[in-house]
Amino acid sequence: MSGHLALVEQRVDAGFGLERFSGVGLGLDIERRLGSRFTVGLRGQGATIRPDSSGDLDRRIGEAELSSVLSMAPWWGFYGGVTLRAISNDAGRQHWFLGRIGAEVRPAFTGDRFRALGRLGVIPISSVDGLSPSSLAFDGLVGVDYAREGWALRLAYGLERFAFTSSNGNRRDEQLSTLTFRAGIRLPRRG
Amino acid sequence: MRWIVATALVLCSMPVSARAQDSTAVVLQQARDLYERIELERSLPLYRSVLSPGWRFEVTQAQRVDASLYLGAALLLLGERDSALAHFRAALERDPFADLDPSRFTPAQLEAFQAARQAVFAIAVRPILATRLDPRAGRMTFTIATTHAASVRCEIRVADQATAFPAFVGEIRGGLREIEWDGVLPSGQLAPSGRYAFVLLARSLVAARGGTQVTDSTAVYFDIKQEYPALEDTLADIAATDLLPEQYRASAATGDLLKGLGIAAGALLFANVASSQDLGGANGMAAAVGAVGVTVGVTSFAARRGGDRPENIAANERRRAERSAANAEIRRRNADRLAQTVLLISPAAGRSN
């Protein structure tokens with residue numbers, strides 16, 4: 001179980017030039033191993049991001065994600081998950097539903113306390129209010145894990161990129177970047 | 001007619017030796033009865049017939065010695081002292097343990113027998129009986145006999161080695177003598193399993209006074225087997241492959257450096273290549289993660305390169321110490337078991353004179 005602090009940056013180009021929002025978010029993660037190879041997780045996060053330009057409204061991002069990891073070896077595996085995301089401002093709200101799948105590597109540094117972390121995957125399911133499915137959608141993450149008996153830390157940089165076509169036919173590029181610092185504890189397994 | 005012959009052959013082939021011994025025993029018993037009834041003249045032919053080379057039946061050593069003793073005793077009572085002495089000597093030569101019971105024979109017979117003892121020099125060791133010897137509490141006994149006073153040396157020899165040590169050295173007056181042994185070698189070590197010989201070397205003191213030295217030797221063989229509870233094997237040495245590596249491999253340090261650089265490269269790749277060219281990348285975030293990755297990689301490279309692995313060294317030391325402690329405990333238990341060793345002694349084939 002862990003909590004995280006994230007720097008969130010959203011960049012959007014809906015055909016009217018670059019809009020950039022950034023802010024800080026907080027979240028909670030719960031993961032549980034099932035057997036020796038399978039891990040499921042539940043993540044929730046909320047963030048408030050402010051526009052770089054003074055003309056835009058602040059945005060609030062709330063999301064919940066159910067994820068899973070299948071380890072093929074101690075150093076690599078596959079991941080997948082579904083994400084419900086809501087982006088709102090004082091004028092309205094937009095709902096996102098994403099389904100993602102990809103591969104991850106976790107090679108350990110000598111001593112097994114540090115691990116490099118890398119993910120790259122696609123988002124084949126991307127359903128966003130008012131937008132057609134994204135023609136290009138992928139995500140990736142790179143970072144470092146540090147674990148001791150009973151607790152763990154993570155610093156990771158994540159990227160999601162989408163290319164939608166809006167209802168009026170305009171291209172809409174969206175990109176969400178996060179720098180996440182996560183700290184967690186490991187609870188002993190019962191039984 | 002044929003079946004009569006066959007029946008006769010079968011009857012003739014019945015255990016001959018048993019009947020022969022029975023015949024000798026019967027004749028000796030008849031002779032003994034006559035002797036006891038003082039019908040000496042009638043007993044003499046029976047004894048002589050048994051000792052005769054022409055006696056048709058088997059005669060054991062004990063029966064021959066018994067016949068010689070009673071023949072000598074009877075002849076002495078009949079006044080034939082020289083013949084009596086000759087038969088007493090024959091009995092002693094066959095069995096130096098032979099003796100007359102003072103309650104059954106006259107003083108004259110006993111005196112003559114003693115005279116015969118002085119005239120012949122013979123020695124013997126009584127056959128060893130199977131026994132179980134606890135060296136902490138018991139002793140085994142060798143019984144030796146000389147017909148008269150002698151200087152003797154009793155040795156115990158390990159049969160297949162040159163090891164020998166004296167069990168008794170001294171002079172004895174003649175007759176029986178018991179020599180005890182506790183099953184321990186002169187080194188203090190318990191006699192190991194194997195074959196041993198008890199050797200008796202003797203020199204007649206009577207004959208020496210007469211100017212000639214008469215010596216004799218004999219030996220009996222016996223086996224010793226140590227008996228103790230089964231011992232435990234100590235734990236085998238820990239193989240090098242079972243121990244954790246105590247130093248980092250050079251490639252491990254290089255690998256750590258490459259992983260750190262890989263994190264930085266991945267972060268830069270996401271920020272500059274995977275990100276939209278139009279939207280731009282989050283270079284600050286990528287730089288932060290890349291810097292941490294490089295720091296971890298470089299630090300690990302510097303720390304691990306050719307360095308010791310204290311946690312593995314400690315773990316290996318712990319395993320070695322556990323093994324040593326376990327072996328010490330096994331050795332202590334084995335020592336306790338060996339301290340309970342008893343010797344199983346059994347007669348072995350072989351006898352020399």
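Predicted model: local features only at pLDDT ≥ 70, side-chain atom pairs only at ≥ 80, totals over all residues.
The model as a whole scores ipTM 0.92 and pTM 0.54. A stretch with pLDDT below 50 covers residues 3-18 of chain B. Beyond near neighbours in sequence, this stretch has four contacts in the model.

Chain A contains zero helices and ten strands. Read from the N terminus on, its order of elements is β-β-β-β-β-β-β-β-β-β. Of the contacts in chain A with a separation of 6 or more, 52% are between residues 24 or more positions apart.

Chain B contains ten helices and nine strands. In this chain of 353 residues, 37% count as buried. Its accessible surface comes to about 19500 Å², with 55% belonging to carbon and sulfur atoms. When contacts in chain B between residues at least 6 apart in sequence are considered, 72% join residues at least 24 apart.

A:Asp139 is located in strand E8, which spans residues 136-148 of chain A. The relative accessible area of A:Asp139 is 8%, and the residue is therefore classed as buried, the cut-off being under 20%. With neighbours within four places in sequence left aside, A:Asp139 is in contact with A:Tyr79, A:Arg100, A:Arg119, A:Leu120, A:Gly121, A:Val122, A:Ile123, A:Leu159 and A:Glu160. The C-alpha atoms of A:Asp139 and A:Arg161 are 6.4 Å apart, while the two residues are 22 residues apart in sequence.

A:Ile125 belongs to strand E7 of chain A, residues 114-128. This residue counts as partly exposed because its relative accessibility is 44%, a value that falls between the limits of 20% and 50%. Apart from neighbours within four places in sequence, the contacts of A:Ile125 are with A:Phe97, A:Leu98 and A:Gly99. A:Ile125 and A:Arg100 are 25 residues apart along the chain, and their C-alpha atoms are separated by 6.8 Å. A:Arg100 is also among the residues in contact with A:Asp139.

In chain B, B:Ile38 is situated in the loop between helix H2 (16-36) and helix H3 (40-51). B:Ile38 is not a glycine, yet its phi is positive, at about 60 degrees. The relative accessibility of B:Ile38 is 61%, so the residue counts as exposed, for which the cut-off is over 50%.

Empty space left between atoms is shown by rolling a probe the size of a water molecule over them. The structure holds one cavity of 30 Å³ or more. The volume of the largest cavity is about 40 Å³. Its lining consists of A:Gln10, A:Arg85, A:Ile87, A:Trp96, A:Glu160, A:Phe162, A:Glu174, A:Gln175 and A:Leu176. Two or more of the lining residues come from each of strand E5 (76-89), strand E9 (151-165) and strand E10 (171-185) of chain A. The largest share, three residues, is from E10(A). Sorted by class, the lining of this cavity has four nonpolar, two polar and three charged residues. One of the lining residues, A:Glu160, is also in contact with A:Asp139.

The second largest pocket has a volume of about 250 Å³. This pocket is lined by 14 residues, of which A:Thr110, A:Gly111, A:Arg113, A:Phe114 and B:Arg304 are the closest to its centre. Helix H9 of chain B, residues 283-304, gives the largest share of the lining, five residues. The classes represented in the lining of this pocket are six nonpolar, four polar and four charged residues.

Key
Residues numbered from 1 in each chain as written. Chains lettered and ligands numbered in written order. Heavy atoms only, no water. pLDDT = per-residue confidence, 0-100. Contact = heavy atoms within 4.5 Å. 1 Å grid on protein atoms, 1.4 Å probe; cavity = no way out; pocket = protein on both sides within 12 Å on 5 of 7 lines; lining within 4 Å. Points joined across faces, edges and corners; volume = space filled by probe spheres on them. Helix = DSSP H or I, 4+ residues; strand = E, 2+ residues; numbered from the N terminus. Nonpolar A, V, L, I, M, F, W, Y, C, P; charged D, E, K, R; others polar. Buried < 20%, exposed > 50% of the residue type's maximum accessible area, 1.4 Å probe, protein only. Areas by Shrake-Rupley, 256 points an atom, 1.4 Å probe, with all protein chains shown as cover.
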